[in-house]
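The sequence and the structure come first, and the description follows.

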Amino acid sequence: MFALKNYQQRAIDTLAGFLQESRESSPSVAFRNSLLSQGMDPDSVDRIPYRDSGFGDVPYVCIRIPTGGGKTVLASYSIITAAREYLEVQFPITLWLVPTTTIRQQTVEALKTPGHPYREKLDQTYNQQVLILDVDEVTQIRPQDIGSKAIVVVSTLANLRVNDTTGRKIYAYHENFEPHFAKIASNHPKLSLLEQVTESDTQENGLSQKEIGKVKYSFANLLALHNPLVIVDEAHNARTSLTFETLKRLHPAAIIEFTATPNQTSANGSNVIFSVSASELKAEEMIKLPIMLAEETKGWKQSISDAVINRNRLAIEAQKDPDYIRPIALFQAEAKNGEVTVDVLKNYLIEDLKIEPEKIAVVTGAQRELDGLDLRSPDCPIEYVITIEALKEGWDCPFAYVFCSVKQVSSSKDAEQLLGRVLRMPYARRRMIEDLNRAYAHLATSSFARAANELTDKLIAMGFEELDIATYVREYDEDQFNLFGEKGGISTPKIRTDFVTNLPVMPDLTALAEEERHKVTVTEQDDTVTVRISGEVSDNIHSVLKSAVAGADKKVRDNLSREVKIHNHRIEEARSPAEKGEVFGSLPLLCANVQGELELIEPETLLAVGSWSLIDYSAKLVGFHTEETSRMWEIDVEGSKVSYGIADEQANYDLNDSFVDVTESDLVRWLDRELRQKDVMQRDLIQFISGVVRDLLNKPDINITTLVRNKFPLVRMIRDLIGRYRKEAQKKGYQQVLFDDASATVSQQFMYEFSPEYYPAKPPFYNGKYKFAKHFYGPNRIEDLKTSGEEFECAQIIDTLPQTQYWIRNLVNRDKGSFWLPLAHGKFYPDFIVKLTDGRMLVVEYKGEHLADGSDTAVKQAVGELWAETSDGNCLFLMAVKKDDFGRGVMQQLTNIISS
């Protein structure tokens, strides 16, 4: 069965936590706490507003995933998460909005395919009772489907986004919907929310005048009646006032956006609760990076020839990989009015480069030569695909490695989507041959500077950060290899140390010092001034360049500043020990002997040590009682009161099987389905649930109807109870394995390796005046470090210590990019990892004065010191504070621990 990647699971877990808290408090409070729970600095969080966009208490959030990160599968999983954690309905209704008709068709097809990753989890969760519909098929929805099937309707946003709803199918009167509205009482609380029949409707549908003012039998009204979950794919295209007004007509229960490039700056910006960087996708082996950019200034024929040679070289390398890979090159031709049309390009491949015609496929609006072909099959001959823009949406073949555009990509809004086709990693696993872990771009252009800038524009549109671009766009020379790869390929990409840009006028260099003037070379040809700067662009040189474009439009000025920033980042990275191929080292992880086997100390290990068994715990919800007032229940468990509205009778009594008379056994079976736990045997779970239900039914004010009507709060309360018991078992196991039995140890079998390839840091990055000289990944890749304050001072001292060879800002909860030590209920991510000049490793956790006496500080210090003790002197641990009990500052504390 398909399994989510670690970052994808974190995204779903973050969404679940946000929705849970939104129900208990408000979306704005939940949004802030969600960011804090991910380790964000409180001051930074306070500067990020929650924007309700006029939806009030309706949760409206965004998950940011770059191209290639699996947004669509996350959208599918989010349906289940929202239904359980917020909607509290057994079978949700979802409106899934996509940007284009092509993506709509592809999404519907995938969701309708049994076993497809988009569909698989839905089928499993809803026992195959899933109804997937294209927006044109919505009249197939029957009243009995609602509440008995999970319904997903896929539509383009354009189908909904109108000022005047007349003439639009989604808003139109349709007699098939009449049964859905037949039983609506005149005092139904949602009646006022529904659109009514107007004079235009009578003319359009042939209705009589007496129908005017009655509820319109439309799909939009059907959605409004049931408060759907709304999913918005590529949401950056949908942040307009008209969009918001359109969505309000549907009265959604919650809105979840997925996009690579959210708008976070405007008043209508997205509320991003989870963000993934390109480096995280690389660390999870989802995408090919870096992108190798060839300097193609010799004309379009040379660009195509080089792309073909490159593809052939990769094909030879692919034969060494254990998995079947057939590298494919994508060519972007010009439209019919251009010079290098599809036919011209294809003829050049066949006539001049002698490519066999059966290896070439053309995909345009008129030619669909890939239809019906499985590009991943060893029997498929296709090695080259020519398109204009037809592959820009939804096309997915991880065998695509080489992208070649013969048109100026800056003029092509489709280039980023085509480039995205070559980023996906085959089989989502890192390849044995290093060159097969990279993507390749050949862009026909007049200069490398222009090609690099155009590629930067496209990558930012795909969700890359500026620092991602500095790290993951590299230059290579096509002359490094020939058709047969005899020159050894491009396993060591070079970093361009010269900055090249074009200016509208000659720059005034007189203000520069002589040393700076020697770094600048200026040439003029055909009214174009080209400036080449050797090495880093200083602030003074940058000022001179900015003066030369002062009269240009804002985009030109902004692009220049961005180019300089990325170039300087790239220079800094070139100086970093990681880029130079230095080795940082490794750290042992804490292990324990469990039943004769050495295992990593994780939550599952602690449960095994603590002999976790749910039936050993009391099956009682202590203090549970209910009180019904009007159409509300108030449920209280140990002083935690929850108000809950009584749902429709159909939803209350459905329990997945439309029972007329719900029994205790029916309720237990339903609760069992909702409460499945990986670490609890099903028979134990059923026994425990049965005990809880039996105990509740013995209370004088509770009967089976009470529990059925409140089944969703009941699920939450039992889940929380099991969670508390689990934590008790983990705490018991933690104490036993680490301290009572003293069985904790370290082993070469479980080591954390610091790899130059895997450091998935993401903004905000340190950007202070002090330049850290010894950070292993360079001074520009230090995540979430302020430019002043106690933690900054600790980092600065570490950087200046003569015993420090390199140091790393440890990342929090970043899977392969984080070193951690076990806690009873989670993981501890120390702040700094230091490689000392004598080869030992020092781990430092800094605690500010306001946290030094915190409840978790002693626990973290204890496990850190235990870990160091087990390392035979190879590792050290320090819980650093501003002043310790002996009056020593941070410098003295560090010096003391190193010399001990």
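All 6 of the 6 residues of strand 31 (residues 875-880) are buried, so this strand is largely enclosed by the rest of the structure. Buried means under 20% relative accessible area, exposed over 50%, and partly exposed in between, with a 1.4 Å probe and protein chains only. Cys875, Phe877 and Met879 point one way from strand 31, while Leu876, Leu878 and Ala880 point the other way.

The model is predicted: local features need pLDDT of at least 70, side-chain atom pairs count only at pLDDT 80 or more, and totals for chains, interfaces and linings use all residues. Residues are numbered from 1 along each chain as its sequence is written, and side-chain values use heavy atoms, with hydrogens and water left out.

**The protein as a whole**

The protein has 28 helices and 31 strands. Helices (H or I, at least four residues) and strands (E, at least two) are DSSP runs, numbered from the N terminus. Of the 900 residues, 54% count as buried. The protein exposes about 39000 Å², and carbon and sulfur atoms supply 47% of this area; accessible areas come from the Shrake-Rupley method with a 1.4 Å probe, and for residues only the protein chains shown count as cover. Among contacts between residues at least 6 apart in sequence, 71% join residues at least 24 apart, where contact means heavy atoms within 4.5 Å.

**Strand pairs**

Strands of a sheet pair through backbone hydrogen bonds, either parallel or antiparallel. Here two strands count as paired if DSSP finds at least two bridges between them. The table lists some of the pairs.

| Strands | Sense | Bridges | Residues opposite each other |
| Strand 12 and strand 13 (residues 439-444) | parallel | 4 bridges | Ser405 and Leu443 |
| Strand 15 and strand 17 (residues 528-534) | antiparallel | 6 bridges | Asn502 and Thr530 |
| Strand 2 (residues 93-98) and strand 5 (residues 229-233) | parallel | 4 bridges | Leu95 and Val230 |

Strand 12 (residues 400-405) has 6 of its 6 residues buried, so it is largely enclosed by the rest of the structure.

An open sheet of 7 strands has the order 3-4-2-5-6-1-7, with parallel pairing. Strand 3 (130-134) and strand 7 (272-275) stand at its edges, each with a single partner strand, so one side of each is left without a neighbour in the sheet. The twist averages 20° from one strand to the next; axes are lines fitted to C-alpha atoms, for helices over the stretch in contact, and angles run from 0 to 180 degrees between N-to-C directions.

Another open sheet has 3 strands in the order 15-17-16, with antiparallel pairing. Its edges are strand 15 (498-503) and strand 16 (520-525), each with a single partner strand, so one side of each has no neighbour in the sheet. The twist in this sheet averages 20° from one strand to the next.

**Helix 19**

Helix 19 (residues 554-575) has 22 residues and reaches 32 Å from its first C-alpha to its last, close to the 32 Å expected at 1.5 Å a residue. The expected span is 1.5 Å times one less than the number of residues. Asp553 caps the N-terminal end of helix 19, with a side-chain oxygen 3.2 Å from the backbone nitrogen of Lys555.

Note on methods
A polar contact is a pair of N or O atoms within 3.5 Å; within protein, one must be able to donate a hydrogen and the other to accept it, and residues adjacent in sequence count only if both atoms are side-chain atoms.
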